[in-house]
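Me: Could you walk me through this one slowly? I'm new to reading structures.

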Amino acid sequence: MPRLSDQERQEIQRYLDADQPLPEKYRFLLFEDKRQVELVWNGKTNAVCNVVLPFQTIEQVDEPRAEQPQDASSMQQGDLFSTDARGRQLEGWTNKLIWGDNKLILSSLKNGPLRREIEAQGGLKLIYIDPPFDVGADFSMDIEIGENTFTKQPNILEEIAYRDTWGKGADSFLAMIHERLVLMRDLLAEDGSIYVHCDWRMNSLLRLVMDEIFGADRFLSEIAWCYQDIGSRATNYFKRKHDSILFYSKSQNRIFNILRGQLSRSTIERYSPYFDENDQISYRRLMQTNPGVFAKLKGVPDDLDEIWMDKNAGAQLPDWWADISPLKKGFEEHLNYPTQKPVALVQRILESSTNVGDLVADFFCGSGTTPDVAERLGRRWIATDLGKFAVHTTRKRLIGVQRRLKNEGKNYRAFEILNLGRYERSHYIGVNPNLREEEQQEQLRKKESDFLSLILKAYQAEAVSGFGCFHGKRSGRLVAIGPVNLPISRLFVEEIILECRKLRITKVDLLGFEFEMGLFPNVLDDARSKGIDIAPKYIPADVFDKRAVDRNQVVFHDVAYIEAKPIIKGNALAVQLTDFTVFYSQDSSAYAGTGLGGRGRSATRIVVEKGQIVKLSKDGCGETQRQALTEHWTDWIDYWAVDFNYERKREIIRVPVEKADASQAEATADPSDRAANAYEERWMGDYIFENEWQSFRTRRDRSLELTTVAHDVTPGRRKVAVKVVDILGNDTMAILDVTI
């Protein structure tokens, strides 16, 4: 221990006696911490999540490679993997689209059984992330309804996550991103790299965080992605017209492919005669060497493409990229997603730091640009997002990629949509981590009690005690309330069913802000078969509006329901979607009407009220006019899909074995297999939705087919699953019993 003065010893003793933390200087005096520069923020901790939650497969998507069943031996997709009689992938890596909190996802990937599968692919070679770095950003989404635009507010889970990320300023963002970057570093392969996209708000702090986590010697580049559109509005500072992309590697042994940019002067002069001299736009693009600029050349020689791809044709790309434009409305690839990045930008990153077949990941995937590019470049991928709407947007986008590659006769992989299948009570948001354990538990109990009282008051239910799962009672039905910041999971509902059977309870209202993907109708059917009526209902954001609660104006809307019918001709089976009903509300027409037409306010407002999207406006007399924009039930549908044999593929999760069993496996197994033997496969009692047919709207094509193509099926009884995703990104499923 370093020598301390008597005064310093006395001061330390005073702090210890008062049970207070020591001043920062004693960290260096007592422990000889030799770091000269360090980033410190309020609440900084080195604690990293190590929880392992099981991944549940909600849906598997594999655009059929054959429209009609064929002999399995004839259905090979090159040498990539074997397929079944339907042309669906049978083996090999399946790409993964995961919905949930990426901290829990990263921890479960790092410490759980899927880590072994990742390592079998050669490890994770590249991570690209574009986290929400815009302090005070508005995370609402604009959704097109005919010629109108409806603003979808974040759901409660997204609202809480964004509030806790930005509501407390830079400290909370750094705490969030620090822990996740540590987990990402540990997941990366030794020759892997990470690219973190940010702008002027956070680039300086993020670089210090990454220096601390990866090491300053692993910093490779700060890429400036420059915008070409300068705009006309004057500012009293130099216009901010670039984002930063921080590029770090896991080790010195990294993958890096040199990309060439600007063509040599001799090459430009050689091909200038083929250029239209009046086409100045294309000529400038030629000088900037943006891919595809030769589209307007005249009489181009056959070897032009080869010269363009020649790595020696131009200079190596610098860390200043001005040849890729930000996305704007009207661009073909634009999906009306606020944080969407250009394909060309992500493609350049993937081509630089990965090779064909490598595994890449994006843990803030947003609209799905990274998996889109990865699939088309022949890379494997993992993509995650907290927003259900983002996951749905990515699903549609990747189905489109599969369709394009199929039409071009190129390879593509199946992808699966996963959930974190179980959530721990300890992951509630809002408990001060700096408190002692007993103080944290007390604060947690207080927050839970306040939350439950609020919901019961809004639902007009009376509180009950003495139950394990139930919190209230209303009109002869017990009320169970899900957590404030997590989806209601299957485990949560199964515990309700167990208590119902034990106490002979037959009627339950289940209230939640969000429900796990694929939860319904399976668990409801299971409960109904046991004589239990469970009515799931969404908790609206209005519960946090004291005026609405006091006036009993809060409406808890039901989960949507689907009506569909089978069409059977011989052994051919098709499905027709006949009805879809939702009960959503967002904002109130009474309150919205008071904000119309005033100074600085919009003269129109669009709200969701009892399952209808309504446009409000004021006429010349000041009267509020209402126009229903969802005139037909199909207006609510963004996407629907069918699994023609729902019970074909069981839903299997991998869970840790009991300690005694694990010890026996450890003693008998080959050392190289011991990690795998710490887990066992378990059937959840449900089945995976295999997406065999789908129809969905795109930004350019708003049409929707309501009847599937006919599939030849074997005679007998079967269950057919129909899934609908509405325009807000929520999914609903119905099961049809069909006899052929």
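Reply: Let us start with a term: buried means under 20% relative accessible area, exposed over 50% and partly exposed in between, using a 1.4 Å probe and protein chains only. This is a predicted model, where local features need pLDDT of at least 70, side-chain atom pairs count only at pLDDT 80 or more, and totals for chains, interfaces and linings use all residues. Residues are numbered from 1 along each chain as its sequence is written, and side-chain values use heavy atoms, with hydrogens and water left out.

Me: OK, is Cys469 buried or exposed?
Reply: Cys469 counts as buried, because its relative accessibility is 15%.

Me: What about Cys49, buried or exposed?
Reply: Cys49 is buried, with a relative accessible area of 10%.

Me: Switching topic, where does His392 lie?
Reply: His392 lies in helix H13, which covers residues 388-407; helices (H or I, at least four residues) are DSSP runs, numbered from the N terminus. His392 is buried too, at a relative accessible area of 1%.

Me: Which residues does His392 touch?
Reply: Leaving out residues up to four places away in sequence, His392 touches Asp638, Tyr639, Val725 and Gly729, where contact means heavy atoms within 4.5 Å.

Note on methods:
Helix = DSSP H or I, 4+ residues; strand = E, 2+ residues; numbered from the N terminus.
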